[in-house]
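This report is an introduction for a reader new to the structure.

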Amino acid sequence: MAFTSRGESQLVRDAKLKAEKASDPIEKLRYRCLARGASGIKGIGRVFRIMDDNGDRKLDFHEFKKGLRDYGVFLDDEEEYRETFQRFDANGDGVLCFEEFLSALRPPMSARRKALIRQAFEKFDTNNDGTITAADLDHVYNVRNHPKYITGEWDKEQCINDFLKIFEQNGIVDGVVTYEEFFNYYAGVSASIDNDAYFDLMMRQAWKL
């Protein structure tokens, strides 16, 4: 259900090359996040959310700059940080709204791809609370083909927790996957797949849609 290691490696290589060539600040930041793998955009979203102490889902310039650095994404100089921030700050009020920031940062996706991501998430969100947890997966995730379950090293619970770690980042393991995190992960995967039909096939096979 996660991206293959081969696909992940290709995504990282391509993103690094595109980041070097990009002149647009948003594109450059997008590719620098994707150079960290399919979880790159999801990860920066989670770092920013943790920094949001007052819960208003907004960041000022200094929080934006600190968040990027804490995540390990560095821009060239102070001027580039400010230019990038200003590009995301569409209304010029000096703060970034999480939703607008992540929406602009994600690679463009067709409606068909977005619908597949939503369909996969809803299949596993068995209680319809907007999150996927171990309790949700217990009803629908078949662990019988997991290598460590086959060898007897892990039980079902350990296999489920291993799956959830796909969507965790920077050592933050809370066992809860929100739709935003799920979507951001597959936005990263989508960036390396040019063909809609192949993305469709990959999602349907991975999630048994």
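## Overall make-up

Helices here are DSSP runs of H or I with at least four residues, strands are runs of E with at least two, and both are numbered from the N terminus. Counted in this way, the protein has 12 helices and 4 strands. The model is a predicted one.

The C-alpha trace spans about 55 × 40 × 30 Å along its principal axes. For 209 residues, a compact globule would have a radius of gyration near 17 Å, and the 18 Å of the protein agrees with this.

## Contacts and surface

Of the 209 residues in the protein, 46% are buried.

In soluble globular proteins, nonpolar side chains tend to be buried together. In this protein, the largest nonpolar core has 59 residues, and L29, F101 and F182 have the most contacts inside it. Helix α11, which covers residues 179-190, gives the most to this core, with 7 residues.

What does L29 touch, not counting residues up to four places away in sequence? The list is F64, L68, V73, L75, T84, F88, F101 and L105. One of these, F101, is itself named among the residues with the most contacts inside the core.

## E180 in helix α11

Helix α11 also holds E180. Is E180 buried or exposed? Its relative accessible area is 17%, and the limit for buried is under 20%, so E180 counts as buried.

The side chain of E180 makes a polar contact with the side chain of R57, at 3.1 Å. With neighbours within four places in sequence left aside, the residues in contact with E180 are R49, R57, L102 and R106.

## L116 in helix α7

L116 lies in helix α7, which covers residues 111-124. Its relative accessible area is 3%, so L116 is buried. Beyond its neighbours within four places in sequence, L116 is in contact with F199, D200, M203, R204 and L209.

How far apart are L116 and D89 in sequence and in space? They are separated by 27 residues in sequence and by 30 Å in space, from C-alpha to C-alpha.

Key: Residues numbered from 1 in each chain as written. Predicted model: local features only at pLDDT ≥ 70, side-chain atom pairs only at ≥ 80, totals over all residues. Heavy atoms only, no water. Core = buried A, V, L, I, M, F, W, Y, C linked by side-chain atoms within 4.5 Å. Buried < 20%, exposed > 50% of the residue type's maximum accessible area, 1.4 Å probe, protein only. Contact = heavy atoms within 4.5 Å. Polar contact = N/O pair within 3.5 Å; in protein donor to acceptor, adjacent residues only side chain to side chain. Rg over C-alpha atoms; globule rule 2.2 N^0.38 Å.
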